[in-house]
Amino acid sequence: MADAGRQILVGCEESQVITIALRKAGFIAFSCDIQDCSGGHSEWHIKGDIFEVLDQKKWTDIILHPPCTKIAVSGNGTYAKGKGRFNERLEAVKWTQKLWEKAISKCDNVALENPIGVLNTLGKFPKPQYIQPWQFGHGETKKTGLWLKGFKPLEATNIVEGREQRIWKLPPSEDRGKLRSKTYTGIANAIVEQWFLKSVGEKIFLRDDIHEPLIETGT
């Protein structure tokens, strides 16, 4: 059995992709977001301010997915220096910096995930590891940074071809932001297996669908 003594917080995760994978592996994990969860397991979701939730208990592991709209390079047309909303980018970096610093002060194992952006140019973060979905069984490109304390860099599990920016091409919709920020199942599986199951000497096949697209789109 997985280590029941671990208390894992997946912050800013309404999709619950990583939380569900951790629960399937037998760990005690909770998602947290100011929104209701869309993963279907409200019993594993803490709706509230992430800073307050960090103080609620002694978390053994923390994984963070802070909002990326204002700090990702994809938002440069609106939030870059010289644009009218650049101050909002600075505030977003400041908020994310505060979140990182509080998390690492509370816990020895912390990971912060975000698409390629401005955290290391406008903030004071450690050097990130960059990963791609196509390294974990998904034929897509989405360069993503992992800022780590305590956790080892992820190793590729299934390098595939057929790479495209399918998430970037999603049409406008109310859920576009959620869909673009949703964690790929192959990456979630790698996180659980490499960061958690290896530490307790176990291996488990969490899902058998990591080759399926993250999002099904109509023709």
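Two strands count as paired here if DSSP finds at least two bridges between them. With that in hand, let's walk through part of this predicted model, strand by strand.

Start with strand 1, residues 7-11, which lies parallel to strand 4 and pairs with it over four bridges.

Strand 4 itself covers residues 61-64, and both of its faces are covered. Asp61 and Ile63 sit on one side, Ile62 and Leu64 on the other, and all of them are buried.

Next comes strand 5, residues 110-115, running parallel to strand 4 and joined to it by three bridges. Here Ile62 stands opposite Val110, and Leu64 stands opposite Leu112.

How many residues of strand 5 are buried? Six of the six are, so the strand is largely enclosed by the rest of the structure. Val110, Leu112 and Asn114 point one way, while Ala111, Glu113 and Pro115 point the other way. Buried here means under 20% relative accessible area, and the residues on either side of strand 5 are all in that class.

Finally, move on to strand 7, residues 144-149. It pairs with strand 5 over six bridges, this time in the antiparallel sense.

Conventions. Residues numbered from 1 in each chain as written. Predicted model: local features only at pLDDT ≥ 70, side-chain atom pairs only at ≥ 80, totals over all residues. Heavy atoms only, no water. Buried < 20%, exposed > 50% of the residue type's maximum accessible area, 1.4 Å probe, protein only. Helix = DSSP H or I, 4+ residues; strand = E, 2+ residues; numbered from the N terminus.
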